[in-house]
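Thanks for coming. I will take a few minutes on one structure, going from the overall picture to some individual side chains.

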Amino acid sequence: MARGGSQDHGHGSGGGGHGHSHSHGPAAPVSKHLRKVIAAILIPFGVAVVVGLAVLWPGGAPAHERTGVGFDRQTQQAMVSKVVSVSCKSVNASGEAPTGDTSTAEGSSAEQQANGTCKKATIRVDTGKDTGRTFTEIVQPDQPRQLHEGQKVVVAYEPSAPRDLQYSVTDVNRRIPMAVLAGIFALAVVIVGRMRGVMALVALAVSFLLLNFFVLPAILQGSNPLLVAVIGSSAIMLIALYMCHGLSARTSVAVLGTLISLVLIGILGSVFIDWAALTGNTDDNTGLIHGLYPSIDMSGLLLAGIIIGSLGVLDDVTVTQTSAVWELHEANPTMGWRGLYRAGIRIGRDHIASVVNTLVLAYAGAALPLLLLFSIAQSSVGTVANSELVAEEIVRTLVGSIGLVASVPVTTALAALVVSADRPGAETVGVAAGAPTPVPATSASAGTADSRPATGRGGKGRRRKH
């Protein structure tokens with residue numbers, strides 16, 4: 001009797017049993033003709049990305065004189081070696097309530113400082129040319145960051161200031177907890193994902209390297225931010241998808257779907273950033289960048305951020321949709337591309353609902369302090385949405401979401417067309433019709449499984465005996 005179970009697993013050559021493995025490509029191999037078509041599209045694209053990387057590759061971020069503002073300061077590592085409690089009055093840290101009114105926030109704070117206890121911290125510099133040097137810092141009782149003995153901190157250094165004021169604490173050293181959290185994340189990915197998880201971590205590292213050594217320095221050197229973002233995100237996409245999911249037709253379809261969606265996001269982002277007159281220069285950090293490098297197109301930088309930010313979620317959507325269509329085809333090899341598309345799009349609708357909600361909540365969470373400020377000011381929704389700070393986030397969210405929504409039907413249609421182009425019953429039908437081409441012995445299980453859909457069309461559905 002024919003092996004009935006081979007119907008689900010026997011479409012791969014040689015019966016290797018890799019039908020359901022995403023890392024080994026599709027169970028039903030795509031024809032050479034279709035592979036050539038896909039290669040004809042992706043190989044020139046890949047070559048163009050490599051050429052773009054070579055042409056725009058920077059020699060490093062251009063040097064500039066430090067301004068001493070924000071992140072553009074010299075910093076060193078230090079440690080709090082001693083903390084003692086002192087009267088705020090004794091160290092001149094107290095203030096006076098304006099006009100003597102203690103009912104206001106400023107007046108209440110001043111009163112607390114005048115009657116409160118401050119901390120006098122001695123900080124020891126541990127890196128740089130002044131290693132071992134100490135300085136003191138007064139911590140007032142209402143400050144959000146309170147120092148304690150043995151705490152590692154980051155200090156800013158200003159060489160032009162008087163010696164006693166050259167160093168000041170700017171932040172807490174969080175390297176150890178951040179490293180531990182990153183280690184837990186990597187361990188969880190490897191334990192659950194196994195080899196696929198390891199490859200995902202490698203792809204993540206490559207993405208950070210491309211961002212750090214290509215995208216950011218190239219933009220700082222004056223290259224067009226949009227062009228740099230397109231080339232950089234394309235390189236990240238190709239490396240991440242093929243490294244994590246293997247060199248296969250299935251992965252190539254996901255790449256094509258991602259590429260088409262990125263093009264749509266780029267077009268929509270460009271149109272609406274220009275139409276809404278978004279400058280991309282909305283806070284102290286972007287203002288500092290524009291001041292240091294006036295040649296950078298800040299609106300182009302905003303568009304580049306939208307494209308790169310959308311890429312990670314797009315990869316997830318396109319890979320999931322492509323895999324879903326391939327699995328549907330494997331479960332029912334006789335299903336045509338229309339049936340595959342309809343079934344795949346039903347899965348995609350659930351994906352759309354969850355992904356769009358995730359994207360909106362992610363942006364809302366990042367902008368929560370800003371939204372709280374508008375709420376405190378009792379501004380109307382229209383006023384809040386019209387401000388450039390919020391309008392940028394709205395455009396970023398909506399443009400990215402439109403690209404995500406569009407990626408579902410686009411990728412599903414591409415996958416359905418490709419996977420249904422070679423029906424598994426084609427060779428068996430030819431044999432049944434008296435065609436001279438025999439079924440190879442190594443594909444016996446595939447031929448047996450494929451004979452069943454053929455007889456099904458004749459209404460018999462009987463199994464052939466060996």
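**From the whole chain to its charged side chains**

I start with Arg-338, which is exposed because its relative accessibility is 54%, and the cut-off for exposed is over 50%. Before going further, please keep in mind that this is a predicted model.

Arg-338 sits in helix 9, which covers residues 337-366. On the surface, Arg-338 is part of a patch of positive charge, together with Arg-342, Arg-346 and Arg-349.

Now the overall numbers. The protein has 14 helices and 5 strands. It has 466 residues, and 38% of them count as buried. As for contacts between residues at least 6 apart in sequence, 72% of them join residues at least 24 apart.

For a buried position, take Thr-258. Where does Thr-258 lie? It is in helix 6, residues 249-275. Thr-258 has 0% relative accessibility, so it counts as buried. And what does Thr-258 touch, leaving out residues up to four places away in sequence? The list is Met-237, Leu-241, Leu-311, Leu-314, Asp-315 and Thr-318.

Next, the salt bridges. In general, side chains of opposite charge can pair when their charged atoms come close. Searching the whole structure gives 6 salt bridges. I will go through some of them.

Lys-129, Asp-130 and Arg-133 form a linked network of salt bridges. Asp-130 pairs with Lys-129 at 3.5 Å, N to O. Asp-130 also pairs with Arg-133, at 3.4 Å, N to O. Are these residues buried or exposed? Lys-129 is exposed, because its relative accessibility is 68%. Asp-130 has a relative accessible area of 14%, and the cut-off for buried is under 20%, so Asp-130 is buried. Arg-133 is buried as well.

The other pair I want to show is Arg-396 and Glu-393, a salt bridge whose closest N and O atoms are 3.5 Å apart. Both residues belong to helix 12, residues 388-419. They are 3 residues apart, about one turn of the helix. Arg-396 counts as buried because its relative accessibility is 15%. Glu-393 is at 22%, so it counts as partly exposed.

To recap the charged groups: there is the positive patch that includes Arg-338, the network of Lys-129, Asp-130 and Arg-133, and the Arg-396 and Glu-393 pair in helix 12. That is all from me.

Key. Residues are numbered from 1 along each chain as its sequence is written. This is a predicted model: local features need pLDDT of at least 70, side-chain atom pairs count only at pLDDT 80 or more; totals for chains, interfaces and linings use all residues. Side-chain values use heavy atoms; hydrogens and water are left out. Helices (H or I, at least four residues) and strands (E, at least two) are DSSP runs, numbered from the N terminus. Buried means under 20% relative accessible area, exposed over 50%, partly exposed in between (1.4 Å probe, protein chains only). Contact means heavy atoms within 4.5 Å. Patches are made of residues with over 30% relative accessible area and no salt bridge: like charges are joined within 9 Å, nonpolar side chains (Val, Leu, Ile, Met, Phe, Trp, Tyr) within 5 Å. Accessible areas come from the Shrake-Rupley method with a 1.4 Å probe; for residues, only the protein chains shown count as cover. A salt bridge is a side-chain nitrogen of Lys or Arg within 4 Å of a carboxyl oxygen of Asp or Glu. Lys and Arg count as positive and Asp and Glu as negative; His and the chain ends are not counted. The place of a charge is taken as NZ of Lys, CZ of Arg, CG of Asp or CD of Glu.
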